[in-house]
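Here are a few friendly notes to go with your own look at the model. Please keep the structure open while you read them.

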Amino acid sequence: MSVEALNAPFQDLLALATAEIETMRAELPSDLSLVLEKITLVLEEFPSLVDREHGIADDQLGLFEGADASDPTSPQMPRIVLWLGNIWEMCGASEAEYREEVRITLLHELGHYLGFGEADLAARGLE
């Protein structure tokens with residue numbers, strides 16, 4: 001599927017992202033793939049007004065929320081949100097760059113679940 005216009009329909013962005021995420025899951029080591037299955041993954045177009053009122057930047061790409069792996073007894077379920085419209089815009093409507101950034105952003109947020117800070121993630125090329 002090729003998505004050319006900068007203002008690509010969300011359904012197209014969702015299809016591309018979903019395909020990339022499934023490819024990435026298949027390539028992950030089995031223990032990390034199992035970890036990812038425990039996290040709710042939410043794919044949205046842009047941060048909502050409520051998100052922005054809670055400090056999410058208009059151009060934020062992703063977010064990890066909830067208890068991380070070090071707190072398995074927490075009642076707060078872990079969740080990763082990816083804002084696909086922001087990723088698409090950041091990539092200048094390049095499908096290849098979009099797919100790569102979906103992968104990087106998801107791995108970045110998964111890293112937060114695993115307890116990595118920003119410096120740790122940057123050192124791994126996941127900034």
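This is a predicted model: local features need pLDDT of at least 70, side-chain atom pairs count only at pLDDT 80 or more; totals for chains, interfaces and linings use all residues.

1. Helices (H or I, at least four residues) and strands (E, at least two) are DSSP runs, numbered from the N terminus. Residues are numbered from 1 along each chain as its sequence is written, and side-chain values use heavy atoms, with hydrogens and water left out.

2. Apart from neighbours within four places in sequence, L28 is in contact with S33, L36 and L107, where contact means heavy atoms within 4.5 Å. From L28 to V102, the C-alpha atoms are 15 Å apart, with 74 residues of separation in sequence.

3. Now to the charged pairs. The whole structure holds six salt bridges, a salt bridge being a side-chain nitrogen of Lys or Arg within 4 Å of a carboxyl oxygen of Asp or Glu. One of them pairs R99 with E20, with 3.6 Å between the closest N and O atoms. This pair links distant parts of the chain, as R99 sits in helix 5 (residues 95-113) and E20 in helix 1 (residues 10-27), 79 residues apart. R99 is partly exposed at 23% relative accessible area, whereas E20 is buried at 10%.

4. E20 also forms a salt bridge with R103, and here the closest N and O atoms are 2.7 Å apart. Because E20 lies in helix 1 and R103 in helix 5, the pair ties together parts that are 83 residues apart in sequence. R103 counts as buried, at 17% relative accessibility.

5. Do look at the strands too. E65 and R79 form a salt bridge whose closest N and O atoms are 2.6 Å apart. E65 belongs to strand 2 (residues 62-65) and R79 to strand 3 (residues 79-83), so this pair ties together parts 14 residues apart in sequence. E65 is partly exposed at 30% relative accessibility, and R79 is partly exposed at 28%.

6. Which residues do salt bridges with shared partners join into one network? They are E20, E27, E95, R99 and R103.

Technical notes:
Buried means under 20% relative accessible area, exposed over 50%, partly exposed in between (1.4 Å probe, protein chains only).
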